[in-house]
Amino acid sequence: MSIHNKSTVPQTMTQPSCLGYCVFEVSDLGRWKSFATEVIGLQLGRAIADPSVLLRIDSHESRVILQQGPADDIVAAGWEFPTEPALESYVAGLRERGVDVTAADADLCSRRNVRKLYFCKDPDHWAHEFHFGAKIAPSDAPFSSRLVSGGFLAGRLGVGHIVSVATHPEQTNAFYKDVLGFSISDYITAKTELVEGAELEASFYHVASGRHHSIAVAALPNYPKRLSHLMLEASDLSDVGLAFDRFVAAGITIYSGIGQHPNDRMISFYAQTPSGFAIEIGWGGVVIDDAKWEVKSYSQASLWGHKPPSA
């Protein structure tokens, strides 16, 4: 492990508060709906007109959005801002840096459950959506899961994290750091269980909320998806173990059993979603204080565990 300078981002560059939602295009909405509610323990959000499924993990009406389509992959990441002026300032900064940013129409804002939204594409050709005014469920309709008694750690920290697999990692990392203004948390170069015999090179980024990483960029040769995995964080460690048991009982492929990462300290496991990319269910992730944080490089992906079931 090596240590670099403190994580910084130019003081004139604003950041999103958190990863507000994720949008996935999935080929089998019915299977995903069952997987999300009966295995993970998510709650269905309100029904909308187009063939989509909205999923809740907290008071937000839609943290995970499933659209009907053939890709079986991520199509958009939604970055939340606390105020409309903060959003407008950020978008103005993107345009100054030469980014082609488009204002969403009322239909897209409605489908995303937000008041205002802009979007652009990254070097890997999927969308980043910058928004304000996410719809919150009424106080008499709190998040409730019969499977996850402690609920999920979301709120100001956002939906969790995503790890994208970049076609051109240098370009993608430069875009996230220098254009979008995300802060480097740390790096890992290590063997991975996701592709047999492959070495993972990953850069981890946080935004204003301080969740250790809201997004990471992975260089992972021959991986067939844009997305390596989506992580959802339970508020109680017991819910990770209970989720693991449900995944096993449902016959879902487990990529790696319970273990702990050295960088974000997350205790978690990885399993296959109906779309083929992975989901990580975890607990205990680090929240970064930029004034004290030092960027480090790690040569192992796990402190312990995270072994495939056959190991």
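Colleague: How many salt bridges does the structure hold?

Modeller: The structure, which is a predicted model, holds 8 salt bridges.

Colleague: What makes the pair of arginine 63 and aspartate 58 a salt bridge?

Modeller: The closest N and O atoms of arginine 63 and aspartate 58 are 2.8 Å apart, and the cut-off for a side-chain nitrogen of Lys or Arg and a carboxyl oxygen of Asp or Glu is 4 Å, so the pair qualifies as a salt bridge. Arginine 63 and aspartate 58 are both buried. Salt bridges that share partners also join Asp58 and Arg63 with Glu80 into one network.

Colleague: What makes lysine 116 and glutamate 84 a pair that ties together parts of the sequence?

Modeller: Lysine 116 forms a salt bridge with glutamate 84, with 2.8 Å between the closest N and O atoms. Since lysine 116 belongs to strand β8 (residues 116-121) and glutamate 84 to helix α2 (residues 84-96), the pair ties together parts that are 32 residues apart in sequence.

Colleague: Why are lysine 116 and glutamate 84 called partly exposed?

Modeller: Partly exposed covers what lies between the limit for buried, under 20% relative accessible area, and that for exposed, over 50%. Lysine 116 has a relative accessible area of 24% and glutamate 84 has 33% relative accessibility, so each of them counts as partly exposed.

Colleague: How do you know that glutamate 233 and arginine 211 meet in a salt bridge?

Modeller: The N to O value for the side chains of glutamate 233 and arginine 211 is 2.7 Å, which is within the 4 Å that the term requires, so they meet in a salt bridge. Glutamate 233 lies in strand β14 (residues 227-233), whereas arginine 211 lies in the loop between β12 (199-206) and β13 (215-219), so that this pair ties together parts 22 residues apart in sequence. Both glutamate 233 and arginine 211 are buried.

Colleague: Turning to the aromatic rings, why is the pair of phenylalanine 143 and phenylalanine 152 given the name it has?

Modeller: The structure holds 13 aromatic pairs. In the pair of phenylalanine 143 and phenylalanine 152, the ring centres are 6.1 Å apart and the planes stand at 65°; since centres must lie within 6.5 Å and planes over 60 degrees apart count as edge-to-face, the pair is edge-to-face. Phenylalanine 152 itself counts as buried, at 9% relative accessibility.

Colleague: And what makes the pair of phenylalanine 175 and tyrosine 176 tilted?

Modeller: The ring centres of phenylalanine 175 and tyrosine 176 are again 6.1 Å apart, but their planes stand at 55°, and because planes under 30 degrees apart count as stacked and those over 60 as edge-to-face, the pair falls in the remaining class and is tilted. Phenylalanine 175 is buried, with a relative accessible area of 11%, and tyrosine 176 is buried as well, with 0%.

Colleague: What makes asparagine 263 count as buried, and which residues is it in contact with?

Modeller: Its relative accessible area is 4%, and buried means under 20%, so asparagine 263 is buried, although it lies in a loop, the one between β15 (254-260) and β16 (267-272). Leaving aside neighbours within four places in sequence, asparagine 263 is in contact with Asp186, Ile188, Phe204, His212, Val286, Trp293 and Tyr298. With aspartate 186 there is also a polar contact of 3.1 Å between the side chains, a value that is within the limit of 3.5 Å.

Colleague: How do you know that glutamine 260 is buried?

Modeller: Glutamine 260, found in strand β15, has 14% relative accessibility, and that is under the 20% limit, so glutamine 260 counts as buried. A polar atom of its side chain lies 2.9 Å from the backbone oxygen of arginine 265. Not counting residues up to four places away in sequence, the residues that glutamine 260 touches include Leu303, Trp304 and His306.

Methods: Residues are numbered from 1 along each chain as its sequence is written. This is a predicted model: local features need pLDDT of at least 70, side-chain atom pairs count only at pLDDT 80 or more; totals for chains, interfaces and linings use all residues. Side-chain values use heavy atoms; hydrogens and water are left out. Helices (H or I, at least four residues) and strands (E, at least two) are DSSP runs, numbered from the N terminus. Buried means under 20% relative accessible area, exposed over 50%, partly exposed in between (1.4 Å probe, protein chains only). A polar contact is a pair of N or O atoms within 3.5 Å; within protein, one must be able to donate a hydrogen and the other to accept it, and residues adjacent in sequence count only if both atoms are side-chain atoms. Contact means heavy atoms within 4.5 Å. Rings of Phe, Tyr and Trp (its six-membered ring) pair if their centres lie within 6.5 Å; planes under 30 degrees apart count as stacked, over 60 as edge-to-face and the rest as tilted.
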